Amino acid sequence: MNFLVYTQGCKVNQYDSDIISRNMLAAGFLPANENQTPDIVIINSCTVTENGDKKAVRLAAKIKRSYPSAITVLTGCYPQAFPQEAAKNTDADIITGNSQKYNIHEFIFDLIRNGKRRCEIKENEKTYPEPRGFHHCDRTRAYIKIEDGCNRFCSYCIIPSARGRIRSRSLENIARETDFHAKDGHKEIVLTGINLSCYGCDNGHSLYDAVKVVADNASIERVRLSSLEPELLTPFEIERMSGIKKLCPHFHLSLQSGCSTTLKRMNRHYTADEYAVIAENLRRSFPSCSITTDIMVGFTGETEKEFEESLAFVKSIGFSKIHVFTYSVRPGTAAAKMDEQISNEIKEERYKRMLHTARELQKEFFEKNLNTVHKMLVEKQTKPDYINGYTENYIPLRIFGGTAKRHDIISTKITKSENGYCEAVIL
């Protein structure tokens with residue numbers, strides 16, 4: 001029997017889908033190619049926003065229409081956080097959560113034997129389930145998940161319900177997977193997790209230790225960090241990490257709002273001023289670094305004054321890229337019970353203003369990097385037009401008229417700023 005895996009949501013979900021695929025292959029199933037009708041379709045869902053839930057429900061319905069004889073599996077954050085809703089709103093044959101997603105092949109065998117629909121959601125694990133085998137990554141940058149869960153309980157966020165408490169992976173297991181990807185030809189590793197900054201708080205290590213164990217692999221040339229919660233990046237930790245030369249000077253520091261009053265309602269664990277100090281410390285230790293972020297507009301009770309304060313703060317930091325999104329109510333969170341929900345019209349107007357600022361800041365960052373020299377990891381060559389890839393500080397580049405192979409790391413000089421990318425030449 002063959003299978004397809006659809007992944008919704010974040011890089012952690014992408015990594016989890018790779019492990020699901022690896023376990024399916026090990027159990028004797030085959031990946032479906034684009035010309036085959038799949039026997040099994042697995043949806044690894046997201047529940048960060050209510051829209052994520054709706055996408056999972058729509059996809060499950062579409063699969064049932066397109067492949068009526070296929071076994072349909074719904075797993076991931078949506079059924080873990082809302083098990084009864086997921087069972088009621090989808091016709092999936094198997095519904096299970098994050099705690100059992102690595103055992104999906106066993107659920108399928110059971111369904112084949114007895115023919116009964118199964119909905120089973122268990123609590124998330126208390127410790128990190130160390131993978132026994134690894135999946136060959138078809139992306140240019142290989143992701144390694146080193147942590148799961150979150151203890152922060154931001155007032156708008158359902159993720160602690162979907163992912164459980166913090167569990168950190170052992171350094172030995174991280175080193176083993178790094179070696180696996182290095183032998184596959186990968187030169188850049190991206191470390192990811194639900195709350196990456198908290199890595200090691202449960203096993204006596206720190207994020208520095210995880211970065212170092214990957215960087216110590218002689219075949220790996222670059223280590224990159226995915227999204228970080230800022231408050232745990234102490235001056236000591238930043239200074240230590242700056243000594244790891246393979247660490248890419250690119251930090252995605254989740255902000256959410258540049259207004260301290262709003263941050264307090266969000267139950268974020270820092271003020272705007274404290275965030276600014278962390279950004280300054282990063283730039284002091286990593287002079288060429290880029291700082292990217294997430295900004296939420298229209299959070300419960302956000303006044304026009306608070307929004308203007310957030311907008312001004314964003315400009316003062318000078319982010320190189322911002323993911324702007326509007327707040328959506330998540331049942332089961334503290335913010336869902338708050339008064340003064342913002343109208344969709346106001347949210348949309350603030351979204352457009354923040355997005356305009358985000359684009360202007362990215363343009364300024366690109367122009368500041370004109371005529372500078374960077375190393376680019378080649379992702380692909382779009383023949384005959386251009387080579388594309390990312391610099392160490394995450395500037396998307398296109399090189400016209402050159403040739404290079406995927407996974408090459410080449411020296412470049414940025415010559416032109418365009419909308420959403422820069423042009424460069426090979427040195």
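A residue is called buried when its relative accessible area is under 20%, exposed when the value is over 50%, and partly exposed in between, as computed with a 1.4 Å probe on protein chains only. The structure described here is a predicted model, in which local features need a pLDDT of at least 70 and side-chain atom pairs count only at pLDDT 80 or more, whereas totals for chains, interfaces and linings use all residues. Residues are numbered from 1 along each chain as its sequence is written, and side-chain values use heavy atoms, with hydrogens and water left out. Helices (H or I, at least four residues) and strands (E, at least two residues) are DSSP runs, numbered from the N terminus.

In helix 7 (residues 171-183), the buried residues are Leu171, Asn173, Ile174, Glu177, Thr178, Phe180, His181 and Ala182. With contact taken as heavy atoms within 4.5 Å, the elements that cover these buried residues include helix 1 (11-26), strand 7 (142-148), strand 9 (188-193) and helix 8 (207-215). The 13 residues of helix 7 reach 18 Å from the first C-alpha to the last, close to the 18 Å expected at 1.5 Å a residue, where the expected span is 1.5 Å times one less than the number of residues. Just after helix 7, Gly185 takes a positive phi of about 100°.

Two strands are said to pair if DSSP finds at least two bridges between them. On this basis six strands form an open sheet with parallel pairing, in the order 2-1-3-4-5-6. Its edge strands, strand 2 (30-31) and strand 6 (118-120), each pair on one side only. Within this sheet, strand 3 (residues 40-45) is mostly covered, six of its six residues being buried; Ile40, Ile42 and Asn44 point one way from the strand, while Val41, Ile43 and Ser45 point the other way. Strand 3 runs parallel to strand 1 (residues 2-7), to which it is joined by five bridges, and Leu4 stands opposite Val41 of strand 3. Six bridges join strand 3 to strand 4 (residues 71-76), again in parallel, with Asn44 opposite Thr75 of strand 4. Between strand 3 and strand 4 the chain crosses through helix 2 (residues 50-66), and this β-α-β crossover is right-handed, a term that applies if, with the strands pointing away from the viewer, the path from the first strand over the helix to the second runs clockwise. Strand 4 is in turn joined by two bridges to strand 5 (residues 94-96), the two running parallel, and the bridge partner of Leu74 in strand 5 is Ile95.

Helix 2 packs on this sheet, touching strand 1, strand 3 and strand 4, and its direction makes about 175° with that of strand 3; axes are lines fitted to C-alpha atoms, for helices over the stretch in contact, and angles run from 0 to 180 degrees between N-to-C directions. Helix 5 (residues 104-114) lies across strand 3, strand 4, strand 5 and strand 6, and runs at about 145° to strand 4.

Another open sheet has three strands in the order 11-12-13, with parallel pairing. Strand 11 (250-252) and strand 13 (321-326) stand at its edges, each with a single partner strand, so one side of each is left without a neighbour in the sheet. The twist averages 15° from one strand to the next. Strand 12 (residues 290-297) and strand 13 run parallel and are joined by six bridges, and Thr292 stands opposite Lys321 in strand 13. Helix 11 (residues 272-285) packs on the sheet, touching strand 11 and strand 12, with its direction at about 160° to that of strand 12. Helix 13 (residues 344-368) also packs on the sheet, touching strand 12 and strand 13, and its direction makes about 175° with that of strand 13.

Thr333 is found in the loop between strand 13 and helix 13 and is buried, with a relative accessible area of 4%. Residues up to four places away in sequence not being counted, Thr333 touches Ser155, Tyr156, Cys157 and Ile158. A polar atom of the Thr333 side chain lies 2.7 Å from the backbone oxygen of Arg330.

Lys416, in strand 17 (residues 409-417), is partly exposed, with a relative accessible area of 40%. Neighbours within four places in sequence aside, Lys416 is in contact with Leu370, Cys422 and Glu423.

Methods. A polar contact is a pair of N or O atoms within 3.5 Å; within protein, one must be able to donate a hydrogen and the other to accept it, and residues adjacent in sequence count only if both atoms are side-chain atoms.
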